[in-house]
Amino acid sequence: MQSPIATERLHATTDHLIRPDLSLDDLQGSWIHPRLVQSVDPVKGRQLRASRPVRKGELLLVDRPFALIPVVDSPEQSDDIRCSNSACHRPVARTAERVSCSDRCSAHVVWCNSSCREADKSRHVFECTWLKKYATSIRSKWGEYDFGMLWLIVRILATRQMEGQQKLISPHGERSSQSNLHSFKTGWGAIQSFCGSQETWSHSQVRYWTTLAKKYLGSYSSLPHGMDTNDVVTLICQEEANSFGLYPRETGIFPIPDPPVDRGQQFGAAVYPTAAIANHSCRPNIIHKPDNQGRMVFVASMDIAAGEECCISYFDLTTNVDLKPRRDHLQTSFRFVCKCDRCVSEGPPAEEVQWDEFPSMGEV
């Protein structure tokens, strides 16, 4: 399959980057450009690279989320909230068809219609009791960020359980027709291969997450994940190092348009099996944005040479424009000193390379 080519500007919406005769809706599930490969750098770790030249505007990746949560205020009034059905994740308008959980577990849990709710029933059962028991108390005691992080972990565990049940029914699992997908780990196996461990975070941060895991994420009859606390804390470390914030406009447009156009207000957070491999550059050659199904879409924003690393930006480039604010932000939020070509060209010479890239839920 040929990769679609953009015919318009790269900074309005991702939807128009697809050829008129091919839309993202025509791509079922995840899709990876046949020239996009993964490699491992001894300093930076996992990378995405182009095995052969890629042209500006080509679609590189469409990655379905392993787990996704909404991040919106006033969910009853929001048009940005997404359908909870993992096979859908489309925006849910305020119409008569919008339905909520019959047990009223959370106002943030909605579906497009009753059919979507019924199709999502077995997955939602995993989180429903947990949300009813803890959502209000976690928000009031620990705040929205920690609630979102814990809920995303619960949805990761729910997908893990569903994946295990599907393997019991069909031992060989779902087969993809795209050969390039077979070279990338998928599902729970991809999550387990994420960078980020208890050793990469401060002792105080790990202790804090351990407290939350013991109090809210223990394995019991209504949350039967079967993992011990140490494994759950490791999963939190991986999620915090690899999850994406979801925004209505692209992240990574460079050079910055004049006047600048920011990426808008965050409406969700998600974990993606393949998109998480991408490293950061302050002069990225990829722009990224979720589509209307919550899938993360990578598009080449410039020509990419054979062997060149394919990088995204971990933050909105319309903020922290100068070198020092960029580096301060990246070091504080993502725990590394950026040594991309742009930072090196703008900074003093002969600096020692320090890479330790870990995106956080609210930023990428």
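**View 1. Isoleucine 304, at 2% relative accessibility, counts as buried.** Here buried means under 20% relative accessible area, exposed over 50%, and partly exposed in between, with a 1.4 Å probe and protein chains only. This is a predicted model, in which local features need pLDDT of at least 70, side-chain atom pairs count only at pLDDT 80 or more, and totals for chains, interfaces and linings use all residues. Residues are numbered from 1 along each chain as its sequence is written, and side-chain values use heavy atoms, with hydrogens and water left out. You will find isoleucine 304 in the loop between strand S12 (296-300) and strand S13 (311-312); helices (H or I, at least four residues) and strands (E, at least two) are DSSP runs, numbered from the N terminus.

**View 2. Isoleucine 304 and its contacts from elsewhere in the sequence.** Beyond neighbours within four places in sequence, its contacts include Pro53, Val54, Leu60 and Cys310; contact means heavy atoms within 4.5 Å. Proline 53 is 251 residues away in sequence, yet the two C-alpha atoms are 5.7 Å apart.

**View 3. Alanine 306, in the loop between S12 and S13.** Alanine 306 is partly exposed, with a relative accessible area of 47%. Leaving aside neighbours within four places in sequence, alanine 306 touches Ala50, Ser51, Arg52 and Pro53. Its C-alpha atom lies 8.9 Å from that of arginine 35, 271 residues away along the chain.

**View 4. Helix H6 (residues 229-242), largely enclosed by the rest of the structure because 10 of its 14 residues are buried.** Among the buried residues are Val232, Leu235, Ile236 and Glu239.

Conventions: Expected span 1.5 Å × (residues − 1).
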